[in-house]
Amino acid sequence: MEKSEIKSGIDKSYLDPSVNPKDDFYEYAVGGWRKKNPIPKDESSWGTFRILGDKNRNELHLLLEGLVQRKDVGGGSDLAKLRDFYLEAMDEKKLDKNGTLSLSEKINLISSIKDKKGLIKIIADFQKNGLPSLWSVDADQDLKDSTKVVLYLGQSGLGLPDRDYYLNKDKKSEEIRLKYQKYIEHIFTLFDSKNKHSKEFAKTIFDLEKRLAEKSMTRTENRDPLKLYNKKSIKQLTSLAPEVMWQEYFDLVKTPSLQSVIVAQPKFFIRVSEMLDQVSLENWKLYFTWKLLNGSAGFLNKEFVNESFAFYGTTLSGIPEIKPRFKRVTSLLDGLLGEILGKLYVEKYFSKTAKIKVNELVDYLFKAYEKRIKSLDWMSPKTKKKALLKLHAIVRKLGYPDKWQNYKKLVTLRDCYLENYFRIAEFEFDKDIKKIGKPVDRAEWCMSASTVNAYYHPTLLDIAFPAGILQPPFFDEEVDPAINFGSIGSVIGHEITHGFDDEGGKFDAQGNLKNWWTPKDKKSFEKKTKVLEEQFNKCEALPGKFVNGKLTLGENVADLGGASIAYDAFQIYMKDHGRLPLIDGFTPEQRFFLSLAIFEAENEREENLRQSLITDPHSPGKFRINIPLSNMEEFYAAFSIKEGDKMYRSSKDRAKIW
Ligand SMILES: [Zn+2]
């Protein structure tokens with residue numbers, strides 16, 4: 001192939017030539033970008049993901065504004081439902097004028113609680129309307145029988161992002177706890193300026209939440225599907241948490257008749273039951289008033305919006321300024337009515353040929369994966385056969401759903417922003433609950449088409465790449481294939497590897513939580529992942545704060561696997577099409593690794609990083625690049641890494657899994 005035929009995909013402004021790639025590849029590959037791109041005032045972090053996300057959101061906003069102008073969109077149509085929600089949400093004047101009027105109905109409902117039955121009614125009502133409640137409920141595939149949909153009950157009820165915030169003993173956590181109580185206090189005073197008890201209210205609410213936190217499982221524990229799978233007959237559920245009126249509850253959320261449910265965190269429900277017995281009705285009313293105020297603050301007037309942002313945006317994530325309303329509303333709509341908006345989005349912004357080209361890339365990734373599994377030196381032929389069976393069972397979803405969601409039964413009106421939100425939440429909730437006992441819908445997507453992300457679903461066994469991510473700088477039909485294999489190729493490899501990480505690997509080729517490994521292979525796998533876990537445990541993200549190697553293990557296994565498989569896929573591609581030339585002074589392999597790093601080009605605020613270390617199963621960007629690459633001899637060869645270089649690890653210390 002002639003050089004002139006290939007368009008370069010390397011943007012040299014990303015590089016920091018003052019850094020030696022052998023010492024810190026991440027800084028070398030994206031340090032230039034990091035220096036030139038400070039975090040905007042309304043963002044918690046800024047990077048290639050966020051920039052593309054911002055671009056997509058602006059395009060969605062243009063579509064929404066265009067919709068407002070259209071005369072042909074009649075009442076009752078999906079587009080009219082989208083438009084009415086948008087217009088109501090954007091009407092800041094009306095929201096400021098109405099204050100907390102839209103809360104009246106729910107406030108009355110809370111005031112009318114006279115007994116436990118009333119409490120159960122509130123719990124169910126809040127769940128249906130998308131408000132924070134005491135526990136979570138949803139309908140999903142049975143982890144051990146993926147053909148069936150069952151009811152899951154899970155821990156919830158906290159106002160801080162994780163149970164750790166209530167229980168950690170460090171100074172920073174204590175500081176956040178105090179600020180959280182101040183925030184509760186402020187919101188209660190905003191709601192009723194004559195209220196003299198806001199401070200006591202805050203203390204009572206915080207103590208209730210802390211009691212829930214004490215019996216909540218950690219994020220790391222929640223990554224183990226075996227721990228979460230506690231099937232209980234209704235009788236067993238009743239003896240586990242006798243104070244909950246379960247039959248009344250199931251009637252309220254309108255489940256079909258149930259033989260059993262799955263309780264993700266049994267100890268949490270024991271605690272809930274105890275609290276229903278011990279906590280006074282008055283305090284519960286306070287608790288649910290707080291859930292209502294906090295959950296709807298973003299839908300009310302300026303004062304509520306700003307107060308909520310000051311805590312969740314500034315205190316917890318370090319963001320100085322709130323985003324303009326149109327950005328907040330567009331993001332919300334992308335989540336709520338993503339399949340109406342997504343349809344408009346792909347019609348206008350998604351290239352049909354991108355789908356075909358990505359499909360070819362995915363073929364290469366699967367080919368490389370197959371080869372890789374077959375040649376693993378640590379896995380027995382018996383387990384390999386099962387692994388290949390699973391690999392071949394993975395279904396791909398590219399761009400957008402083949403079948404868009406049906407919104408016929410949804411109503412949105414030009415009356416109230418918050419009411420419209422409740423209507424959509426209830427529509428989705430009912431749809432979800434109705435799935436119980438019906439065949440699994442395998443065509444459904446878990447992300448909107450404009451999302452800059454991808455996912456692997458362990459029980460559906462599918463990998464999905466929304467249109468939103470299939471564009472530059474992650475994918476570009478026009479440029480050097482090395483770039484596409486390095487960026488989107490690694491993401492595809494990453495998602496497939498989730499089927500074989502420490503969590504996804506527990507599911508078999510039918511998507512059931514069932515062991516398919518021989519005991520010896522399982523042991524070897526665990527030994528191999530342990531090496532990676534310990535490498536990440538040593539990564540210091542903030543002074544004295546280290547990455548949680550166990551919490552991030554699945555993502556780290558996927559990153560290492562993704563990079564390795566994508567590299568192989570790229571080599572197979574070059575075998576088929578001929579070796580690529582030197583471009584911009586870089587070999588094809590060097591370009592592959594440079595483009596892989598571009599994915600994680602980012603700057604992050606300290607507060608946000610602090611939060612991510614507790615809540616995010618992904619490691620910080622720098623480690624997501626440097627650690628996997630320090631385990632890859634292919635990377636060593638591409639950049640002549642030798643003993644003595646900082647990126648070097650002796651072969652006995654390297655993690656090699658897939
Ligand atoms: Zn992942």
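Which protein donors hold the zinc ion, and how far from it do they lie? Select H494, H498 and E555: NE2 of each histidine and OE of the glutamate lie 2.0 to 2.1 Å from the zinc ion. Donors here are N, O and S atoms within 2.8 Å of the metal (3.2 Å for Na, K and Ca); water is not among the atoms, so sites may look incomplete.

This is a predicted model: local features need pLDDT of at least 70, side-chain atom pairs count only at pLDDT 80 or more, and totals for chains, interfaces and linings use all residues. Residues are numbered from 1 along each chain as its sequence is written, and side-chain values use heavy atoms, with hydrogens and water left out.

**Stop 1**

Along the chain its donors follow the spacing H-x3-H-x56-E. H494 lies in helix α21 and E555 in helix α23, so this pair ties together parts 61 residues apart in sequence. Helices (H or I, at least four residues) and strands (E, at least two) are DSSP runs, numbered from the N terminus. H494 is buried at 7% relative accessibility, and E555 is buried at 13%. Buried means under 20% relative accessible area, exposed over 50%, and partly exposed in between (1.4 Å probe, protein chains only).

**Stop 2: the cores**

Now select F25, W135, Y249 and W658. These residues have the most contacts inside the largest nonpolar core, which has 199 residues. Helix α23 (residues 553-577) gives the most to this core, with twelve residues. Apart from it lies another core, of seven residues, including L143, V150, I262 and L513. A nonpolar core is a set of buried Ala, Val, Leu, Ile, Met, Phe, Trp, Tyr and Cys residues joined through side-chain atoms within 4.5 Å.

Zoom in on W135. Among the residues it touches are I123, L153, W246, Y249, F268 and F269, not counting residues up to four places away in sequence. Contact means heavy atoms within 4.5 Å.

**Stop 3: strand β5**

Select residues 260-263. S260 and I262 point one way from strand β5, V261 and V263 the other way, and all are buried. L153 has V263 as its bridge partner in β5. Two strands pair if DSSP finds at least two bridges between them.

**Stop 4: salt bridges**

The whole structure has 51 salt bridges. Each is a side-chain nitrogen of Lys or Arg within 4 Å of a carboxyl oxygen of Asp or Glu.

Select R372 and D568. Their side chains meet in a salt bridge (2.7 Å, N to O). R372 lies in helix α18 (residues 352-374) and D568 in helix α23, so the pair ties together parts 196 residues apart in sequence. R372 is buried, with a relative accessible area of 10%. D568 is partly exposed at 21%.

Next, D480 and R591. This salt bridge spans 2.4 Å, N to O. D480 lies in the loop between β8 (462-466) and α21 (481-498), and R591 in helix α24 (residues 588-598), so parts 111 residues apart in sequence are tied together. D480 and R591 are both buried.

Move to helix α8 (residues 171-191). E185 and K182 both lie there, three residues apart, about one turn of the helix. Their side chains meet in a salt bridge (3.5 Å, N to O). E185 is buried at 17% relative accessible area, whereas K182 is partly exposed at 41%.

Finish with E43, R50, D54, R57, K323 and K327, which are linked in a network of salt bridges.
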